[in-house]
Amino acid sequence: MTQSGERGPAPSAEPVLEVRDLVKHYPITRGILFQRSYGAVQAVDGVSFDLRPGETLGVVGESGSGKSTLAKMLIGLEGPTSGSIKVHGKDITELDRRGAKRMRRDIQMIFQDPYTSLNPRMTVGDIICEPFEIHGDVLPSSERRGRAQELLEVVGLNPEHINRYPHQFSGGQRQRIGIARALALRPSILVCDEPVSALDVSIQAQVINLLIKLQKEFGLAYVFIAHDLSVVRHISDRVSVMYLGRFVESGTDTEIYDHASHPYSQALLSAVPNPTPVGRESRQRILLSGDVPSPADPPSGCRFRTRCWKAEEICSTDDPELTVRPGSDHPSACHFAEGPLEVGGPR
Amino acid sequence: MSEQLAQVSTSTRPRGLWDDAWDELKGRPIFWISSVLILLFILMAAFPTLFTRVDPHVADLSRSMEEPSAEHWFGLDRQGRDVFARTIHGARASIIVGLAATLVTTLIGGLLGILAAYLGGWADTLISRLGEILLGLPFVLGAIIILTTFAGAQSGAGPALVITLVVGTLTLLSWPLVARIARSAAYSVKHADYVQAARALGAGPFRIMFRHLLPNVMAPVIVYGSLMVATFISAEATLSFLGVGLRPPVVSWGVAISEAGDYIRQAFFLTAFPTAFLCVTVLAFVMLGDAIRDALDPKLR
Ligand SMILES: Nc1ncnc2c1ncn2[C@@H]1O[C@H](COP(=O)(O)OP(=O)(O)OP(=O)(O)O)[C@@H](O)[C@H]1O
Ligand code: SF4
Ligand SMILES: [Mg+2]
């Protein structure tokens, strides 16, 4: 397994992506003519992070934790309720139409489902050339097909298959086509929303390795979303754990995998099978009780308290901030953040 | 790469929905029979003189309602005009009304349906409600009201104007059906990841609607449209028969049937020939529509 340290970017580099206090609330409305608001789904509720050139941030969380909503805001498909997203120092929420279009060359997305992310009625060539048609000044039309074939080669597909339709490819190959399309405008950031979870396990590693190769080749920065920690470990420099619209713990590879301090991260980790049986403390499996609360009505105080085995009085009254606490070396949103030492099971 | 080898076996020629549908159509006798008939009728509409030299307007009152003979195959009508010539020349009105109304209806309905799906919100509500109101009107009644209001007022209207009015009326009353089909087909892919991907690339509304939503709308609208031609041709005949559609001096099957209606017992042939032509035309379009639907439907899911 590659150690993340080798790939890490120069720490001094300016961030390509700066996200501050990002919030997305979907209002719950009723009535057709006279819409009234009945509260809101707090899909994303105060997320901040920086991403440096060539760096990978893994974002991990259960279904419904707001990962896709975060991704859509990052690439400008959804406007945030509040907060800011800066790409190369420019806030994308304040751009005019032209500026917004220009921004799309810098940040692109890879979708989860390779079966729905390619238009079934377009050939692979048309799909990969679409970015050039939209941004007509990038490449003269005579050079587009040649460039599309180069891109197919870059992602490990046969350039002669340019006239085929998506249904003639396997899931893994389709995902490569999606990657080629995302690379066409030479972005500096790729947001990957669970890019391998729809693929066979045997193919997952191939696609992840391709992403790692492309990152080295083009200096790409990734926001890599997944719902389980084992997938992101291989590719991430840093990992953030997401729960009910918030980051509850952020840290480097080792900080999260070996010294998780938030009970939720510990629970997620305990579900990950040990990659090496020797050399790691054997973990006890932590089974979380109860369901994820509705993001329309999150618990007061700490959002994890309804399922936390360490919850105390303070957890329901005080919202724990995501900060570094004594006894730990990385930010965690728990009043009782701790090292990995006493991972106890639920009472 | 192992994945890559896995599928080299599939055909190397690119194949899409339309290729498959064409392959399917080619093998159907019904498709060829109806196509030949329709081509024949279109030829009749475009060049009636290929089929008859007789002027359909020349009247010889002394030979009113003469039975079919070697000289006049379909006989003569009440004013002593050649029924064969009038039936051949009558194809034009039916074909023009059927094709023009279908074309305009699918274009307008398709466009409004895609717009409703794409824009959503109040535009969607407006288009959908308006359509429901129009569909709530009984078709023939609606057409009679519109045509008597507009065409009735100007009895001196020329044939071109009357045909335009009939086409306009049929379109006005039918676009909501197409819009509904187009809307649901467009809506089903509006939130598809590939549309999101196009938006993420910076695609504008036109590209999204015409490059990504429209192709999905084409197949169901074409299927519906091909069946609609027959409906419009019979609707034209119905309206002309009722005296609110085309009327003399325009030569049309509906007009002929209407004129002959009063003498159906004395001179059955006057009604029989234009009716037979009308039925065969309608049937040909229904068969073609069916064949197209069968060829496209499996891919419509
Ligand atoms: N357009 C929307 N309107 C209302 N609620 C929404 C909308 N999109 C997402 N949500 C809600 O926001 C929450 C977060 O959804 P999101 O899709 O971001 O989760 P996710 O982490 O990507 O989950 P998954 O792993 O299932 O993809 C969910 O409760 C979802 O129901
Ligand atoms: S703050 Fe309290 S409830 Fe929340 S994770 Fe920590 S111990 Fe559990
Ligand atoms: Mg998701």
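Select helix H8 (residues 193-200) of chain B together with helix H9 (residues 205-241) of chain B: their axes come within 11 Å and cross at roughly 170°. H8(B) is therefore roughly antiparallel to H9(B), a label for angles over 145 degrees, with under 35 being roughly parallel, 65 to 115 roughly perpendicular and the rest oblique. Axes here are lines fitted to C-alpha atoms, for helices over the stretch in contact, and angles run from 0 to 180 degrees between N-to-C directions. Helices (H or I, at least four residues) and strands (E, at least two) are DSSP runs numbered from the N terminus.

This is a predicted model, in which local features need pLDDT of at least 70 and side-chain atom pairs count only at pLDDT 80 or more, while totals for chains, interfaces and linings use all residues. Residues are numbered from 1 along each chain as its sequence is written, chains are lettered from A and ligands numbered from 1 in the order in which they are written, and side-chain values use heavy atoms, leaving out hydrogens and water.

B:Tyr194, B:Val195, B:Ala198 and B:Arg199 in H8(B) are in contact (heavy atoms within 4.5 Å) with B:Ile208, B:His212, B:Leu213 and B:Asn216 in H9(B). By class, that contact has five nonpolar, two polar and one charged residues. Ala, Val, Leu, Ile, Met, Phe, Trp, Tyr, Cys and Pro count as nonpolar, Asp, Glu, Lys and Arg as charged, and the others, Gly among them, as polar.

Next, select helix H6 (residues 139-150) of chain B and helix H7 (residues 159-190) of chain B, which pack at an angle of about 140° with axes 10 Å apart. That angle makes H6(B) oblique to H7(B). On the H6(B) side, the residues in contact include B:Phe139, B:Ile146 and B:Phe150; on the H7(B) side, they include B:Leu165, B:Leu170 and B:Ser174. This contact has 10 nonpolar, three polar and no charged residues.

Zoom out to chain B, which has 11 helices and zero strands. Its C-alpha atoms fill a box of roughly 85 × 50 × 25 Å, taken along the principal axes.

Move to ligand 1. Of the 13 residues around ligand 1 (a heavy atom within 4 Å), A:Ser63, A:Gly64, A:Lys67, A:Ser68 and A:Thr69 come nearest. An N or O atom in the side chain of A:Ser68 is 2.7 Å from an oxygen atom of ligand 1. A backbone N or O atom of A:Gly66 lies 3.0 Å from a ligand 1 oxygen atom.

Finish at ligand 2, where A:Cys302, A:Cys308, A:Cys315, A:Cys334 and A:His335 come nearest of the 13 residues around it. The shell divides into nine nonpolar, two polar and two charged residues.

Terms used: Polar contact = N/O pair within 3.5 Å; in protein donor to acceptor, adjacent residues only side chain to side chain.
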